[in-house]
Amino acid sequence: MTIAVTTPTGNVGSRVVQLLVQAGVRPRVLVRDPARLPDAVRPHVEVAQGDLLDASFVADAVKGAEALFWASPEAFTAPDPLADMIAMGANAAAAVEAAGVTRVLQISSVGAERRHGAGLIDGLARNEEQLAATGADLLTLRCGYFFSNLFGMLDAIRAGALATTMPLDRRSAWVDPRDIAEVAAARLLAGWSGHDIQAVHGPADLSWSEVATILSTATGHNIQATQITDDDLRQALRSAGMSEPAAAGVVGMTAGTRDDFTPEQERSFVTTTPTTLEAWAHAALRPLLS
């Protein structure tokens, strides 16, 4: 069985690759820079080098694959990351149809059910529609807020600050990317038929105030959550070098899942995964803050 895997060096994709290899599968990894693959991984995978924005590369890379793990890579530094996500989704859909790929598993996000008005999540929503139109069996994993997003806030966390545009008492799903990979790999190996959407919500819904308390305990740093405005965040992102479309896309992700938003997929036994934020932060974040 040939399974093609995008983003094989990412937080989710790298773990998917490892789990597939451990299950006896030799995945075909679509990677822009093979040098980023760990040395230990390379003997166990088939490498297809190229860019997901290159339609011909994607088409060639999925030929002969029975299944495709699709995750649109983060492109926050691109001039227009939303446009790039939609273009990559179009390339994926065309390649799936041309190659007759049977099954596609897509990593999406809570909020994609809105379809419009959620910043860069709108790109994932469009990808859902593009891949659904191929006729392949499609499983969409709508995931909560990645623990690993906190890596981008290290300087602020080190200074004791955790800033968000979300109301501090508003709870939402937080999840370890490795747990998402566990679900993805299990489903890729087991198979499915038809179109289905499964949420991956992590162990518990958390508010940003609760997150600050958890991180304080796990890291030994006194961390306080503060709410900032959308304009504050947009200006900070622009000052950090993001283009206006990129900054607007990032701001929109929270703005579109705030206020009266309720996820389409409810928390359940199926959507709940085991790794707690405290355990993750102690193992992954604390060493970086020392």
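A nonpolar core is a set of buried Ala, Val, Leu, Ile, Met, Phe, Trp, Tyr and Cys residues joined through side-chain atoms within 4.5 Å, where buried means under 20% relative accessible area, exposed over 50% and partly exposed in between (1.4 Å probe, protein chains only). You're looking at a predicted model, in which local features need pLDDT of at least 70, side-chain atom pairs count only at pLDDT 80 or more, and totals for chains, interfaces and linings use all residues. Residues are numbered from 1 along each chain as its sequence is written, and side-chain values use heavy atoms, with hydrogens and water left out.

**Stop 1: the core**

Select Val-16, Phe-69, Leu-105, Ile-107 and Leu-141. Of the 28 residues in the largest nonpolar core, these touch the most other members. Now colour the elements that give two or more residues to this core: β1 (3–6), α1 (13–22), β2 (28–31), β4 (67–70), β5 (103–109), β6 (137–143) and α6 (177–190). (Helices, H or I with at least four residues, and strands, E with at least two, are DSSP runs numbered from the N terminus.) Which element gives the most to this core? It's α6, with five residues.

Click on Leu-105 next. Not counting residues up to four places away in sequence, Leu-105 touches Leu-68, Phe-69, Trp-70, Leu-139, Leu-141, Ala-184, Arg-187, Leu-188 and Trp-192; a contact means heavy atoms within 4.5 Å.

**Stop 2: helix α1**

Pick out Gly-13, Arg-15, Val-16, Val-17, Leu-19 and Leu-20, the buried residues of α1. What covers them includes β1, β2, β4 and α6. Just after α1, have a look at Gly-24, which takes a positive phi of about 95°.

**Stop 3**

Most residues other than glycine have a negative phi. Thr-7, in the loop between β1 and α1, isn't a glycine, yet has a positive phi of about 45°. Is Thr-7 buried or exposed? With a relative accessible area of 17%, Thr-7 is buried.

Then jump to Asp-259, in the loop between α9 (244–255) and α10 (277–289). Asp-259 isn't a glycine either, and its phi is positive, about 55°. With a relative accessible area of 58%, though, Asp-259 is exposed.

**Stop 4: a pair of helices**

Show α3 (residues 81–99) and α4 (residues 121–132): their axes come within 9 Å and cross at roughly 15°. The axes are lines fitted to C-alpha atoms, for helices over the stretch in contact, and angles run from 0 to 180 degrees between N-to-C directions. So α3 and α4 are roughly parallel to each other, the word for angles under 35 degrees. The contact involves residues including Leu-82, Met-85 and Ile-86 of α3, and Leu-124, Arg-126 and Leu-131 of α4.

**Stop 5: two buried threonines**

Find Thr-140 in strand β6. Thr-140 is buried, with a relative accessible area of 3%. Leaving out residues up to four places away in sequence, Thr-140 touches Gln-106, Ser-108, Glu-128, Asp-196, Ile-197 and Gln-198. Try the distance tool too: Thr-140 and Ala-95 are 45 residues apart in sequence and 18 Å apart in space, C-alpha to C-alpha.

Finish at Thr-165, in the loop between β8 (161–164) and β9 (172–175). Thr-165 counts as buried, at 3% relative accessibility. Leaving aside neighbours within four places in sequence, the contacts of Thr-165 are Gln-227, Ile-228, Thr-229, Asp-230, Leu-233, Thr-254 and Arg-258.

Technical notes. Parallel < 35°, antiparallel > 145°, perpendicular 65-115°, else oblique.
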